[in-house]
Structures are given as structure tokens and as C-alpha cells.
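Subject: Structure handover

Hi,

Here is the structure for you to look over. My notes on what was found follow below it.

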Amino acid sequence: MDAFSLTALRCRELLASREVSATELVRLYLDQIAALDPQVGAYLLVTQEEALRRAAAVDAKRPAERKPWEGVPIALKDVLCTEGVETTCGSKILKGYVPPYDATAVAKLREAGLIFLGKLNMDEFAMGSSTENSGYQLTRNPWDLERVPGGSSGGSAACVAAAEAPWALGTDTGGSIRQPASLCGVVGLKPTYGAVSRYGLVAFASSLDQIGPLTRDVKDAAALLDLIAGRDPMDSTSLGLPQPIAIPRATDLVGKRFGIIGEFMGDACEAGVREVFNDAVAHIHALGGVCEEVSLPSVAKGIAAYYIIAPAEASSNLARFDGVRYGHRTAGTENLFEMYLRSRSEGFGPEVKRRIMIGTYVLSAGYYEAYYGQAQRTRTLIIEDFQRAFARFDYLISPTSPTVAFTIGERTEDPLAMYLSDLCTIPVNLAGLPAISLPAGLSRGLPVGLQLIGPHFSEQGLLEAAHALEQRLAFRALPPIVEVIR
Amino acid sequence: MISREEVEHVARLARLRFEEHEFERLARELSKILDYVQQLGELDLSGVEPTAHAVAVKNVFRPDEARPCLAQDQAVAGGPAVERGQFVVPRIG
């Protein structure tokens, strides 16, 4: 059995028909992790024994007693709280932290009988676009081990691309699911803000964060979204989705109107990405869809608004890491203030400190209106631009990332250059919209993702359109790391 | 360019301490980022309402009833110093 050819839906079918046991399936992925992860570095923690124990329990049940997804493995970004299993957010300040509860999304998967393989690497507190800000290790792109997997859900994207799990959960605050999915050649879906509960997701920017799937195809993304979505009393901003998500079956795009966001097609977008994108546009036409360019002038200010709003929220959210209730505390300090200073300064990495500093600055007395107030008003303009566009178009499209995967170290010296990686994804979070990235082709042997954006709560339609396009694009290339296995 | 004094002030507000050699780099990086976000000044934002949440929900109520929750020993289990179910910290002053 070849993990590279398996989707989660296929795993479910194989379990249902008893062609494989849950134990065989878990072992397949553990073998894949043992063979590839020393090079890829996707996992911070592999919960091997617990996974095998759970698999044996599933195998002991009669098929009629099993739930539909019972026994299918999954891996989790380490920003999601897992009861009894270390959760670090990629930060030294949370080294050794063992949550006493599951995040709601995790609890739902546990309840559905999925088996957790382990916790995945990420930029510290999800702040970054390359996973190089992890406090623990580098994760490498399975398509080229000298390149980054993107971020902040770089561990999740690399894990799925290397078939070290059939699917994974990530989180997306400014592109952190879609950009790594794009750079690693997998599917990534950011749901509408509020579709999935944020309870137990360690907060970065609360008005932007959403949990979502990283998968090998669009059907799996639909299935995983359906498993985790729902209103939750533990998150009063959660709304769930209007209906359960069905597995998408659409095969054409007849009558669908797609707006190409002109502001994302400028000089920042490299030629190879543009080429793959233009091919995808031709495929949309071939499927009966209509594509036209549309201008959303305010989205060009998205990054500027985001780098006020997200650090402002982060500086407030990360105040809780004070060496009192969890995580790292510096020993032998004289008083409480000194303990706060030293514990936080030792525990946080440079990018997290930088963002706490920006956030504290823009929220400090005298600056609030000039920065935060202006950013929130810009956010309104961006939302209105999207609303106007959705009056004319069913979906908006763009490249997910203006470039293919960049080399390790290439952007670490210049924080601003790193921030610009998220040009096409950030405005979507500011407007709370759902968006999916799907692999559209290769440029210089590296994957290029296509982003489809829909109106609030349009996930079913978005997945149908993505599925029709996915069938037509027929992206079947595998990362070179597949040779290690074969 | 934001001054070293401003960086020190903000660091104190944020409960962060930096080494002597870090201040200059930090002032430079923060200035660059703050310069970049200044471009919002090019927009006409007069009369535009601020948005805090893109998908706004209002008045989320629930019955005021006791529900099961973590026990005290579970809730404090992650603390670096705990005594009789309570967090221990160094003296305040």
C-alpha cells in the first residue's frame, strides 16, 4: 500500500470494506514518518503508542459498531490543545505544557473516532510564513528540502505533502493554512470566521484566527470541515455553518462567474506563478465558467492594516504567558515584575517579541487612533470592496502566494519581506471570508496554488467549484521525496 | 525613526527585556514596519466606521447555570510553582 495514493476518504473505504485494519493503517503512516520525517521535520511529537492502542481498540469492534470515520488517522498543528498531550505552539515558553482539555475541533475528531498521529511544527504562536520561527526545529518542503514549506502551518502542509498523515488540521490568521498548502502542493481551506470553534486554539489574533483542513484533495477538505464545524457554547463568536457539508460532486462551472483580483496580479507576482494561474483561468473557461478582472482597491492596504490589527491582538493575547499559570518561569528572580520580564524574554523568540512590541506600541496611549483606529476603518473598506465584488461574481480568484516556495534563510533577515508573502491571503482574513487553495500546477518543479474566495458561509459552493476545477486540472505530480519510499 | 527611549518604554509596558545590543536593531525594525503601515494615511477614512469583527454576532446569551468544569487541581496543574491548589509567585515589591 502506498501512502502517497491514499486520501482520508479512501482510508475510510478501506477500513469499511475490511481491506485494511486500523492497526495496519496507523503502522503505514508511522513507517512513513520513520522513513521521511528525519528529512522533513514536520512532527514535533509522534504519539505512536497511543495511536496503536487506539487502532487496536477500533479493530476489536465489529464493523457495525464503528462510526464512519473511526480508525482514520490524522495529525494536528501544535497550536491546538490536546488533553494529556504536550502542546507547545512551537514556543519554548510552552515547553512541557500538557493541557487538561481538548480544543473543541480536536474533541469532535476524537468523538468521531479518528486516531491522532501527533503534533505538527509551526511558526512560534503561528507568527510567520515559513515555519522558520519555530522554537524547536526547521521543517523542510518535501518538493525541495532546501526550501521552506511556508507557514505558519508548515508542519501540517509538509506532513500531508509527504503523506506522513492522510490529512491534518492547521490554523489560518493571515494565510497560515492556504500559503503553506500552496507551497507544498496540497489543498488548504480557511473556513468563514465563526464556522469552527476557536475554543482550545491558543489565541494569536482572535478576530482573524480560524481552524481548517489541509488535505490531499477537495473531497477530504469537505469531509474534514464537516467534522469540525459547528456552533460551540465555549466560543461565543462561533456560528457553525448553515448546513452540514456534503462531499462535492460538481464536474462543471457552467454559469459561474469568477472575478480575478487585479491588485494581486501586480509585479510582486512572479512570472511562473502568473503562467500557472493563467492556465487555470483557461480551464475555468473550458468548464463553462466566466472569468473577468475586478478591482478591489483597498485590498492593496491589507498587509498594512493586518500588521497593526494582528500584533495588537497578539500583544493582548500573549500577556497571559507570564510564568504564573503555565509554561516557562525563570528561577531565582527577586520580585514579580522581574519574574515576568525574565520569563517572557527567555521564553519568546525574536519574531514573537517583535510583534508584541509593535502591538504594544500601536495600542499605547496617544497612538491608538492613529494606528489601530485607522486599521479598523481600513478593514471596513476591505469588507465593502469584497461585498461589491460578490454582487457581480460568485467567487474571486488569485494565486494563493505571489511566489513558489523560497529557500531556507532567504527572508529571515527582513521581517517586512516575509510579511509580503501573504499579500493575497491576508485581506480574506480581515473580511472573515472562506477561501481554498488548490494545487494548480508546477513552476520550476515547485507547486503553485490557486486561491478561490467565496462570500461568508458559501463553503459548500466553494468546495463544489474547487472540486470541478481540481478534476479538470488533474494535478497528480508527487514531491521528489517519494523516491525515498519507492 | 522611533527612539531608543520609546523602545525601552514599550518594552517595559510589554514586560519584555532586551539586551543592550538588541535595542538598535529593534528600533530599526520597528521603524521600518511602522513606516510601512503609515500608508493607511493615504486612504480617505473620514466617516468610515471601524470593524472589530468581520462576522459580527451580538448578545450571545446562555442560561446562568452551573456546569461541570475542571477541578482545581487540574486547573493549576500546569503552573511552574503550585502549593495547596494555588499558584505561588515571588513577592510583588
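A:Val428 touches A:Lys190, A:Leu433, A:Ala435 and A:Ile453, leaving out residues up to four places away in sequence. Contact here means C-beta atoms, placed from the backbone, within 7 Å.

Before going on, the ground rules. The model is predicted: local features need pLDDT of at least 70 and side-chain atom pairs count only at pLDDT 80 or more, while totals for chains, interfaces and linings use all residues. Residues are numbered from 1 along each chain as its sequence is written, with chains lettered from A and ligands numbered from 1 in the order in which they are written.

Back to A:Val428. This residue is found in helix α14 (residues 426-430) of chain A. Helices are DSSP runs (H or I, at least four residues), numbered from the N terminus. A:Val428 counts as buried because it has 29 C-beta neighbours inside 10 Å. The cut-offs: buried is 20 or more other C-beta atoms within 10 Å of the residue's own, exposed is 12 or fewer, and partly exposed is in between.

Next, the core. The largest nonpolar core has 173 residues. Such a core is a set of buried Ala, Val, Leu, Ile, Met, Phe, Trp, Tyr and Cys residues joined through C-beta atoms within 7 Å. Among the members that touch the most others are A:Ile74, A:Tyr307 and A:Leu452. α9(A) gives the largest share of this core, 10 residues. A:Leu452 touches residues including A:Tyr395, A:Ile436 and A:Leu462, again leaving out those up to four places away in sequence.

Now the interface. Chain A puts 58 residues into the contact, and chain B puts in 42. On the chain B side, α2(B) gives the largest share, seven residues. That side divides into 28 nonpolar, seven polar and seven charged residues. Nonpolar means Ala, Val, Leu, Ile, Met, Phe, Trp, Tyr, Cys and Pro; charged means Asp, Glu, Lys and Arg; the others, Gly among them, are polar.

Which residues of α2(B) are buried? They are B:Leu26, B:Leu30, B:Ile33 and B:Val37. They sit on the same side of α2(B), because they cover an arc of only 65 degrees around the axis. The arc is taken from the directions from the helix axis to the C-beta atoms. On the other side, B:Glu24, B:Arg25 and B:Asp35 are exposed. The buried residues of α2(B) pack against α9, α11, α12 and α13 of chain A, together with α1 of chain B.

Best wishes

Note on methods: Contact = placed C-beta atoms within 7 Å. Helix = DSSP H or I, 4+ residues; strand = E, 2+ residues; numbered from the N terminus.
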